[in-house]
Each structure stands twice: as C-alpha cells, then as structure tokens.
Amino acid sequence: MLGKFDKLIDSGGFLDLFDYPFKRADPQLLESDFVNIASILQHTSETGRDVTSLRFGHSPIIGPCIEHLANALQSPNCTLVKLQFIHNEIGSDGIIKITECLKLNETLTSLEIIDDDIAVCGSRAVAEMLSCNQTLSSLVIQHCGITSGSAIDCITDALGGNSTLRLLE
C-alpha cells in the first residue's frame, strides 16, 4: 500500500519530501505521487506505519495535488501532527483548501508555511481556520506575501477565539 514512499518514512513517522523531486529525473512531484501520499495518510492504522510529520520543499503543489492532500487531512485515520510547506507555490487557492480541511482536523498541532505567496486571501483563510481549529498549537508563516496590516490583523483577531495556539511566527 505504501509504494515508493515506504522507504522514506523514518522510525519516528517522518516523511521528508524536501527536495525529493530533485533526487530523481522528474523535477516535480506528480499527481500520482499525491494519490500515493494521500493513501498513506488515510490508511496509517492499516499499515502500522503512522506518518506523524510530513515536509514538502521546492516542488509545486497545485491543482489536484493539493486536493488529494486536503482530502487525506480530513481522514479520521490521519495521524499527521506536523505539516510543512517550504517554497511549494501553493498560493492562496492551495492554502484555502488546506485550511478548510484543518478547521475540523483533530490531530495536526503544527503547520508551517514558508516562502509561499498566500497573500491576503490566504491569510483570511488561515484566520478562519484558527477560529475553528482547537488542536493547532504552532503556526509558522514566513515570507508568504502577507504585508498589509489588514491581512495581519485578521489573523491576530482570530486568535481571540483560539485557546490552543501557543506559537505564532
């Protein structure tokens, strides 16, 4: 069931796909890769290999790829506690899809979005997620094009209704 990513999951449940595409001939993760990753996240209890941390870096995650990932995050079998996006071109549409499913996710405690332009629309989606999500304790958003005061204000305003977030960077 785990396929080609099986050997990349370490004993602590960390699936590291940072620069993964550059370690092979094809320079980006494909939709079929995301189908496989989503399957891993949705069936961890069946495989006995819980994936608790997932890191993507330097590979575009767009369109159907982000859909597969978002669907997996909604699975009751998903054991992911840490999710990192580093320079993945997910954009505001991608972060909207991810944060929508995280509104009800009960396992993810850490989300990092670094060097991905999510802009004002994405920051509003993050704010909406923060007002609903009660498990996220760490949120890192760096170099993501959030420069306007209103975008930052909507995130800080959402913190008033969130009692679990301890780190906002």
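This is a predicted model: local features need pLDDT of at least 70, side-chain atom pairs count only at pLDDT 80 or more; totals for chains, interfaces and linings use all residues.
The largest nonpolar core holds 46 residues, and the members that touch the most others are L54, F56, F85 and L111. Helix α3, which spans residues 64–73, supplies the largest share of this core, with 6 residues. Leaving aside residues up to four places away in sequence, L111 touches L83, F85, L102, M129, L136, S138, L139 and V140.

Helix α3 also packs against another helix. Two packed helices are described by the angle between their axes and the distance between the axes. For α1 (residues 31–42) and α3, the angle is about 5 degrees and the axes lie 8 Å apart. Angles under 35 degrees count as roughly parallel, so α1 is roughly parallel to α3. On the α1 side, the contact is made by E31, F34, V35, A38, L41 and Q42. On the α3 side, P64, C65, H68, L69, N71 and A72 take part. The residues of this contact divide into 8 nonpolar, 3 polar and 1 charged.

C65, one of the α3 residues in that contact, is listed below with C144.

| Residue | Relative accessibility | Class |
|---|---|---|
| C65 | 9% | buried |
| C144 | 3% | buried |

Why do C65 and C144 count as buried? Buried means under 20% relative accessible area, and C65 has 9% relative accessibility, so C65 counts as buried. C144 has 3% relative accessibility, so C144 counts as buried too.

How many disulfides does the model have? The count comes to 0 disulfides, where a disulfide is a pair of cysteine sulfur atoms within 2.5 Å.

Key:
Residues are numbered from 1 along each chain as its sequence is written. Side-chain values use heavy atoms; hydrogens and water are left out. Buried means under 20% relative accessible area, exposed over 50%, partly exposed in between (1.4 Å probe, protein chains only). A nonpolar core is a set of buried Ala, Val, Leu, Ile, Met, Phe, Trp, Tyr and Cys residues joined through side-chain atoms within 4.5 Å. Helices (H or I, at least four residues) and strands (E, at least two) are DSSP runs, numbered from the N terminus. Contact means heavy atoms within 4.5 Å. Axes are lines fitted to C-alpha atoms, for helices over the stretch in contact, and angles run from 0 to 180 degrees between N-to-C directions. Angles under 35 degrees count as roughly parallel, over 145 as roughly antiparallel, 65 to 115 as roughly perpendicular and the rest as oblique. Ala, Val, Leu, Ile, Met, Phe, Trp, Tyr, Cys and Pro count as nonpolar, Asp, Glu, Lys and Arg as charged, and the others, Gly among them, as polar.
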